[in-house]
Amino acid sequence: MLFNSFEFLIFLPLVFIGYWFVFKKNLKLQNAFILLASYVFYGWWDWRFLALIIASSALDYWCGLRLSGPNISKDRQVASNDTSIVDYRSSILKPFQGKNLYLTLSIAFNLGLLGFFKYFNFFIESATDFIQLLGFQAHASTLNLILPVGISFYTFQTMSYTIDVYRGKMEATKDPIAFFSFVAFFPQLVAGPIERASNLLPQFLKRREFEYQQGSDGMKLILWGLFKKMVIADNCSLVVNPIFENYQTASGLELIMGAILFSFQIYGDFSGYSDIAIGTAKLFGFDLMTNFRTPYFSRDIAEFWRRWHISLSTWFRDYVYIPLGGSRVTKTKAIRNIFIVFLVSGFWHGANWTFIIWGGIHAAMFIPISLIGKNRAHLHEGDHVIPSGKELFQMAYTFILVCVAWVFFRADTVGEAWGYFNGLFNNSYTDGFRFSTFVLSITLVIILLSLEWIMKGDQVLKFKNPFLRYSSYLGIVGLILFYGVFFNPQDFIYFQF
Amino acid sequence: MKRFLIKIFISSGLLFIFILGYGSFCDFFFQQKKYLDISEKKQWILAQEGGNWDYAVLGSSRAFGAFDMNLLDSLTGWNGINLGSNGSGFKDNYLVLSLFLKSNQIEKLFLQVDMASLNSKSSFSNEFHAFTFLPYWDDPEVRIVLQEEIPILNNSISSILPQWRYFYYNKYFSPKEVIRRVNLKPSVSDIFTDYKGGMKNADYTSSEIKTYVLPQKKDLEDWKYLWKIKSKAEEEGINLVLFSAPRYQDNQDILKSILPQISNKLIFPNNFDINNSKFFKDQGHLNYYGQKVFTMYFHELIKEL
């Protein structure tokens, strides 16, 4: 079920009424209702894949209970034994002993699901290509697999739970309904934000009261998210898709516009989804983590990554980068760690070399800043009403770098991305270029950026001046009604991840 | 909660009223003949009224550009109109004919048929142009087709608030479009009247004509609408003739095998030299010279009917 669909327009009020008016008095029933609604929401797409979520939830719930059980002391015993034979044995067996066994089981199962459904064909094809490159004959035999929507999101979310319980950062829950609801919570099930168990799960365990302010903020976020998705992203896609499909013949200016507008398409698409998800969760009394913070106002790549897909970048920071040693290691290892995180992050997006290169480009842009110790130079947003010339230059520079990387992200193959850049330098710059094609998208993007700049530091559409506030509501509704793409809307891009 | 719900109800109510109001305005405005954009062929057809025609030609761009209408009129001594338009499949044809007949009369109808219009979904240009007919929603024939073809127009919102369809197709019905229509200058935009709905084809011959093979099977949906056109013609007492416009190096065996199920009044350009590239500007469309030759050839064929 899509957020911008007719079905969701019916589904949301029905769930809202059931949640607050029928099941409000009993927390367990309320959670059970949310769980049922979430399964209906997911099953609307393909009910068969519900089995995967249920299996993942069940295993991690059980692993969580075992991780917080009496095995902990046994594991510590093994870990503290310092004889060489036991050291050797324990290093081999360590992942399968004590609480490590359950963590290994959880991670193996979730990554196994991901690996099978998302990466199986990629590995087979890449191995075949490699063997052929060596001069041997090989034939790939791939499987016709459908990628279950949201699998990359909920597997990461549920893994965060077992890892946090393992690390002792949180207690395992004994309430299966709350846990299953946490994994399947419909607002963020299919495209995030990837919630931490330590933030979301406790919210399922306590009684929730409807608060006007929270509900109102939720509605504003939903409205803003719909604007970003239906007006910005979908209008940009109408211009961007033909350019990427015909990059060989497109003019240089069209290719430049294609890359710029794709940057706004993917931003509007994904951050719009996140806003609707966070807004919808607020209607049910839940606070999800912020996923985007005006990333195109970033003044360097490091700042960009503190503002773009925050739930994923912090996930990799906490569960990959820091365990690898983070930046508190030798410079070589620090560079290695950054590369690993960005490459894995790229690979997380999809089984394609284009995503890996996209990650690699970001790593290459991030490392120099990190090496000179400037990666935390822009921790705080500037509070100027009008940005300084220096800030504007930094933002433009960062945006251009990000655009270059987006070409790889958008292209279907690495060859296509190279072809795109090749066309940029070799095709005629102006032949066939019509500015009128881009006027609407550019105007809408300027409106988006202006509103984001005005709202910077404030919450979405929360203007203190009532005239400004109601004008903004009317303006956004008007833009959605008259410029939103209702006919043939595009699927959310991140559904494919 | 009470305050929240009150605000939601008020906001939803205002939204409902706005959609109702703007949609009702569109219902009125976009049906006004003087605000039709007659530089667009279908709109030009819908703007015609009070006509009493000996014959009409209906179909896609291949019917639109097949004839020199003035020449055909002078050869036959009839008074005809060309209702063909670019990218039209049988759904478009059916609704155009249906609306045209509300204020015009036709004696004979020459309907152009080919395997592209019998495969509108896979054909790159013959998809249904639903937005053209949205203002005529109150007409049961139009509404039935729109609801059948566009599932989103067949849901409960459409039954409670049918005016919302203008927002679904907002690209064609925005306030900007209203302003554009108000400022249209009819004398400048009427490019079809002189050619009686037809067009003067370009005097251009392609040095190398690219050929494409059309689908070999008919789509049952399109077939259904072909039958609907036949029924409509019978209902209105119109003499229906199916014809196939020349297509460069085309084999029309499949058409010849299936069209007799619809009618025995058929015209195929059997003796028109479809291998002569001088007649064509592309595979499916005649050039200026081809149009003249085919018009005279067609005149000979209709004598035999």
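Which residues in helix 5 of chain B meet which residues in helix 6 of chain B? In this predicted model, B:K91, B:Y94, B:L95 and B:S98 of helix 5 of chain B meet B:E141, B:V142, B:V145 and B:E149 of helix 6 of chain B. By class, the residues of this contact divide into four nonpolar, one polar and three charged. Helix 5 of chain B spans residues 90–100, and helix 6 of chain B spans residues 140–149. The axes of the two helices come within 10 Å and cross at roughly 165 degrees. Because angles over 145 degrees count as roughly antiparallel, helix 5 of chain B is therefore roughly antiparallel to helix 6 of chain B. The crossing of helix 5 of chain B and helix 6 of chain B is left-handed.

A helix pair was also examined in chain A. Helix 11 of chain A (residues 212–245) and helix 19 of chain A (residues 436–455) have axes that come within 9 Å and cross at roughly 155 degrees. Helix 11 of chain A and helix 19 of chain A are therefore roughly antiparallel to each other. Helix 11 of chain A passes helix 19 of chain A in a left-handed crossing. On the side of helix 11 of chain A, the contact is made by A:V231, A:I232, A:N235, A:C236 and A:V239. Helix 19 of chain A contributes A:T437, A:F438, A:L440, A:S441, A:L444, A:V445 and A:L448 to the contact. The contact of helix 11 of chain A with helix 19 of chain A has nine nonpolar and three polar residues, with no charged residues.

Key. Residues numbered from 1 in each chain as written. Chains lettered and ligands numbered in written order. Predicted model: local features only at pLDDT ≥ 70, side-chain atom pairs only at ≥ 80, totals over all residues. Axes fitted to C-alpha atoms, helices over the stretch in contact; angles between N-to-C directions. Helix = DSSP H or I, 4+ residues; strand = E, 2+ residues; numbered from the N terminus. Parallel < 35°, antiparallel > 145°, perpendicular 65-115°, else oblique. Left-handed = near helix turned anticlockwise from the far one by under 90°. Contact = placed C-beta atoms within 7 Å. Nonpolar A, V, L, I, M, F, W, Y, C, P; charged D, E, K, R; others polar.
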